[in-house]
Amino acid sequence: DIAHNRRLGWTGDKGYFELENATNGGTGTTRDNEGRIITCEWETSRITRLERDGSKTLLADKCQGQLLNRPDDVVVGADGSIYFTDLRTVFPPLEGDVIPHSGLYRISPDLATVECLIDDCATPGGLTLSPDRKALFMSDTVGGQIRRYAIARNGQLDGTGRTFIKIRAERGQPHGLTTDKAGNIYCGGPG
């Protein structure tokens, strides 16, 4: 619940309930390979991990010394690589040495390296993985498309990617993505 700065849970017995408040504008959220929650924090421009004891670990707030913009969505690869999108925004303005473009980034499994993988997409948004986690899909909201990238064994993207589907403007714009066990991709967004 981005508008109310909280994370909600749901069970058949309880219905909706609050899991966390003060999420720093948490947007994209996923679980790592150990079940811990990883979140893109819009307000603090960082990626964090919620530990089992309730503490938070900072995973990334910079890439090559420059501050992230507005992290938007996140997924975790089979090898533990953490992939996230970061949107370059001008409002509200960010202070400091901020990365001058939007992009798709990767945090290495040992958390030692943050690298930009793709910087040619103006509005990278939602991310999802194929069920076997060998392909990454990324929405390009303003570009009206979903891109597909093969993931190499070392967690790097294998090649430049391709347009998976182009969405006509009258049908809306692609943003949030998810995949079911059969490999069907679901997309939501403005429009």
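A residue is called buried at under 20% relative accessible area, exposed at over 50%, and partly exposed in between, with a 1.4 Å probe and protein chains only. The structure discussed here is a predicted model, in which local features need pLDDT of at least 70, side-chain atom pairs count only at pLDDT 80 or more, and totals for chains, interfaces and linings use all residues. Residues are numbered from 1 along each chain as its sequence is written, and side-chain values use heavy atoms, with hydrogens and water left out.

Glutamine 64 has a positive phi of about 50°, although it is not a glycine. Its place is the loop between strand 7 (62-63) and strand 8 (66-67); strands here are DSSP runs of E with at least two residues, numbered from the N terminus. Because its relative accessibility is 76%, glutamine 64 counts as exposed. A positive phi, near 60°, also occurs at asparagine 24, again a residue other than glycine. Asparagine 24 lies in the loop between strand 2 (15-21) and strand 3 (26-31).

Strand 15 (residues 145-151) is joined to strand 16 by six bridges, and the two run antiparallel. Arginine 147 has threonine 163 in strand 16 as its bridge partner.

Technical notes
Pairing = 2+ DSSP bridges. Helix = DSSP H or I, 4+ residues; strand = E, 2+ residues; numbered from the N terminus.
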